[in-house]
Structure formats: structure tokens, C-alpha cells
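Dear colleague,

I am handing over the structure that you will be working with, and it is placed directly below.

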Amino acid sequence: VFSNSAKMTYKLYYFAIRGLAEPIRLLLVDQGVDFEDIQFTKGEEWFAMKDKFAFGQVPALKQGDFEVPQSGAILRHLARKHGLVGDTEEEKAFVDFFHEGVKDLHLKYTGMIYREYEKKDEFLANVYPVEWAKIEKLLKMHANGEKFVIGDKISYADYMLFEELDIALILCSKSLDAFPTLKAYHQRMAARPKIKEYIAKRNIPVNNNGKQ
């Protein structure tokens, strides 16, 4: 138990890549939350710290002696603390399943990037079109997709979606050409002042295998 957590700066531990930590970083940056972004750049640094984390893995968020591991749990923890979960039970459920749906797509992306990069063209032709169609349809359920995932108010799912759209455009600049609502959404999020400033200074790769 820690008594002065509200006065302590968050410490986010991850590798020097975007990976699973980037939606968390985007949330913290956009919400103006002070945090220390601790990035492991050498294997020996990571292995020296590995046993200090609950599951022996990162990302992990610490505030004093309190640790939250697992990327989804970190996002939801921060979202609850900073009013980013939605207001009604229906909104909260929508944000949760929207996030999980985007996470499923991310797992398909990382599966291709790390294990089947030779199938990139197949992924672009067959996976993205199907998955983005589903996600765009869901996005348009609130404010016709012209604002945020649940309409007027930003939620933690927005940072997950923005990052996934961003890495899709890195993989292929034409990835979103058939999805104008998603493309416009990405442009709006990228133009948010704090995110725009952060992106301009960001210098880490998406993945740790040199492919993106």
C-alpha cells in the first residue's frame, strides 16, 4: 500500500520501441500527465530488471511501490483515473470491446511482422480491408465517426485506434484509402496539439526487428 501515490510521477517501463506501450504513452502525453518513460535499449539492462516486475515482462506502470502490469490493464487503470472510460455502462462496454477488437487486429499485425513478413502483401490485401471495415462501421455508430470512439468524449480506446491506424499507414501509405472515416479520424488525432508535438520528437521504431 502506498499513501502518497497521487504526488508520485508515473514510471512507464518498456523497450525502446512503440510496440504495446505506445497507446499508453499517447494517453499520458495527450492528457498532460507527467511520467517517466523508461526504455530498455540493451538486453543486459532488461535482464537485470526483469525479475522486478510482477510477470517478468513489460510494459509495466509503477507509481511508488504500486505496479500495474499488462498493457490493457495499464490503459484501463489510467482511463479510470483520468475520466477516459465513458460515462454510462453502455459507453464503458463499447469502449472496452472496441479496444479489444483493435487489439485483436494488432495481434494479427504483429504475427505477420515477426513471423510471416513475407506475407505482407497478402496481409494488406486480405486482412486490413476486412478488419478496417468492421472498425469503421463501429466508429460511425457515434457522431457518424466524426469525433471520437464514443462521440464527443475521448476515451482510452481512441489512443489504441490512433496508434493502430498510424502503424498501418507506415506499413503501407494506402492502407486507409478505402476508409475515409478512419483516415480523417487519424488526421484529427494526429493534429491534437500535444500528440502532434510528441510525434514530431519521437525517434523510436514501431517494432524491434527492424520491420514496420
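Aspartate 30 has its place in helix α1, which covers residues 22–30; helices (H or I, at least four residues) and strands (E, at least two) are DSSP runs, numbered from the N terminus. Please keep in mind that this is a predicted model, in which local features need pLDDT of at least 70 and side-chain atom pairs count only at pLDDT 80 or more, while totals for chains, interfaces and linings use all residues. Residues are numbered from 1 along each chain as its sequence is written, and side-chain values use heavy atoms, with hydrogens and water left out.

Is aspartate 30 buried or exposed? Its relative accessibility is 9%, and therefore aspartate 30 counts as buried (buried means under 20% relative accessible area, exposed over 50%, and partly exposed in between, with a 1.4 Å probe and protein chains only). The side chain of aspartate 30 makes a polar contact of 2.9 Å with the side chain of arginine 192. A polar contact is a pair of N or O atoms within 3.5 Å; within protein, one must be able to donate a hydrogen and the other to accept it, and residues adjacent in sequence count only if both atoms are side-chain atoms. When neighbours within four places in sequence are left aside, aspartate 30 is in contact (heavy atoms within 4.5 Å) with Ile154, Tyr159, Arg192, Lys194 and Ile195.

The helix as a whole is mostly covered, since nine of the nine residues of α1 are buried. What covers them includes β1, β2 (35–40), α3, α6 and α8 (193–201). After α1 comes glycine 32, whose phi is positive, near 70°.

Which side chains does the side chain of arginine 18 meet in polar contacts? One partner is glutamate 163, at 3.0 Å, and another is aspartate 166, at 2.8 Å.

Tyrosine 13 belongs to strand β1 (residues 10–15) and is buried, with a relative accessible area of 9%. Apart from neighbours within four places in sequence, its contacts are Ile38, Phe40, Met49, Phe53, Val58, Pro59, Ala60 and Lys62. Although tyrosine 13 and tryptophan 46 are 33 residues apart along the chain, their C-alpha atoms are separated by 9.8 Å.

Proline 69 lies in strand β4 (residues 66–69) and is buried as well, with a relative accessible area of 15%. Not counting residues up to four places away in sequence, proline 69 touches Ala54, Phe55, Pro59, Ala60 and Ile74.

**The nonpolar core**

In soluble globular proteins, nonpolar side chains tend to be buried together. Here the largest nonpolar core has 62 residues, of which Tyr109, Trp132, Val149 and Leu161 touch the most other members. A nonpolar core is a set of buried Ala, Val, Leu, Ile, Met, Phe, Trp, Tyr and Cys residues joined through side-chain atoms within 4.5 Å. Helix α6 (residues 156–171) gives the most to this core, with 10 residues. Leucine 161, leaving aside neighbours within four places in sequence, is in contact with Phe98, Val102, Trp132, Ile135, Leu139, Val149 and Tyr185.

**The pocket and the cavity**

On a 1 Å grid over the protein atoms alone, a cavity is a set of points where a 1.4 Å probe fits but cannot get out, and a pocket is an open set with protein on both sides within 12 Å along at least five of seven lines; lining residues have an atom within 4 Å of a point.

The largest pocket holds about 270 Å³ of space and is lined by 17 residues, of which Leu20, Pro59, Ser71, Lys103 and Leu107 lie nearest its centre. Helix α4 gives the most to this lining, with five residues.

How many cavities of 30 Å³ or more does a search of the whole structure find? The search finds one, and the largest cavity has a volume of about 90 Å³. Its lining includes Leu20, Ser71, Lys103 and Glu163, and α3, α4 and α6 each supply at least two residues to that lining.

With best wishes

Note on methods:
Grid points are joined across faces, edges and corners, and a volume is the space filled by probe spheres set on the points.
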